2 protein chains.
Amino acid sequence: MTKLFVEALSRSAFAPFGEVIEADPQQTRFAVNAGTSQRFHDLARLDPGTDGRLIVSIFRAQPRNLPLSIAMLERHPKGSQAFMPLSGRPFLVVAAPPGDSIDSGRIRAFLAHGQQGINFAPGVWHHPLLALQAESDFLVIDRDDPASNCEECTLAQHLLLDTESFAGAMTC
Amino acid sequence: MTKLFVEALSRSAFAPFGEVIEADPQQTRFAVNAGTSQRFHDLARLDPGTDGRLIVSIFRAQPRNLPLSIAMLERHPKGSQAFMPLSGRPFLVVAAPPGDSIDSGRIRAFLAHGQQGINFAPGVWHHPLLALQAESDFLVIDRDDPASNCEECTLAQHLLLDTESFAGAMTC
């Protein structure tokens, strides 16, 4: 089975798919609340789409077993979808560029550490949530009526997440 | 100084001010992602206001020292503002109903445990973020251009958070 290398998540690496949500000192930030808080400001392009409404939900995800093979991806063409871990635990992200079909050569995998969230741009192909280690809650910001906004695509060839690269990223 | 009792945060107690964001089995939930996740769905009334845009930010808050006196509240008349803790640590919430002035007899204080967030409805008076114990990050969902959407009001009489009630709530 073809292996898929797992990269450490960063804003630049993830840029083709959306934004990383993290308290990055390189991003715009300013003091608020009489200096008691720093505001890391406007970290993702939340997009409700035409006539859509942004909602906030919590996903309680079961952890995945490793090694993990990737057999399908999904997309939400009408709006963005953001995930922020509430557990502090790392999780995996698998994504491919938007388009009517999936270019299997452009599928990429990332390991997010527990203080990083991600926002998928509308139409970006991605694997459903991949929690690790233990049951984990995520705050999710996406468009209402999710059932009408999800398309799935089975991959012609399954991909095996490269546990060797993944183990390396886990030590970051 | 007048003491302000600190209540444990619950959806019903907080209803005059907005919503509690938590994975509450009493709320709407359903399986997603082939049963690997439970979706606790649409937990707050996010409101960008007229011509507003919802944005996501991270607030990195310094912890407050106890005992704590409350000298002012603020409001955001143009949109809602949601806070979700990313640290798993408890925090304090102080709120009063919307209105041109603050009815000091209707100010209430809540202790949120570390898996509870809150969403202030537009115009609800509230104290700026009150982190406890250690520096703590919060995911914030509010309207863009926050500088044009904040009014502050100094209280005629300061209120002292009742540390005895607070200690009780901490054990919940």
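## R53(A) and D144(A)

R53(A) is partly exposed, at 38% relative accessible area (buried means under 20%, exposed over 50%, partly exposed in between; 1.4 Å probe, protein chains only). D144(A) is partly exposed too, at 22%. Their side chains meet in a salt bridge, 3.8 Å from N to O (a side-chain nitrogen of Lys or Arg within 4 Å of a carboxyl oxygen of Asp or Glu). R53(A) sits in the loop between β5 and β6 (54-61), and D144(A) in the loop between β14 (136-143) and β15 (151-161), so the pair ties together parts of chain A that are 91 residues apart in sequence.

## Basis of the model

This is a predicted model: local features need pLDDT of at least 70, side-chain atom pairs count only at pLDDT 80 or more, and totals for chains, interfaces and linings use all residues. Residues are numbered from 1 along each chain as its sequence is written, chains are lettered from A in the order written, and side-chain values use heavy atoms, without hydrogens and water.

## R60(A) and D137(A)

R60(A) forms a salt bridge with D137(A), with the closest N and O atoms 2.8 Å apart. R60(A) is in strand β6 and D137(A) in strand β14, so this pair ties together parts of chain A 77 residues apart in sequence (strands are DSSP runs of E, at least two residues, numbered from the N terminus). R60(A) is partly exposed at 25%. D137(A) is buried at 15%.

## Between the chains

The structure holds 14 salt bridges over all chains. One of them pairs D142(B) with R39(A), at 2.8 Å from N to O. D142(B) lies in β14 of chain B and R39(A) in β5 (37-40) of chain A, so the pair joins two chains. Both residues are buried.

Terms used:
Helices (H or I, at least four residues) and strands (E, at least two) are DSSP runs, numbered from the N terminus.
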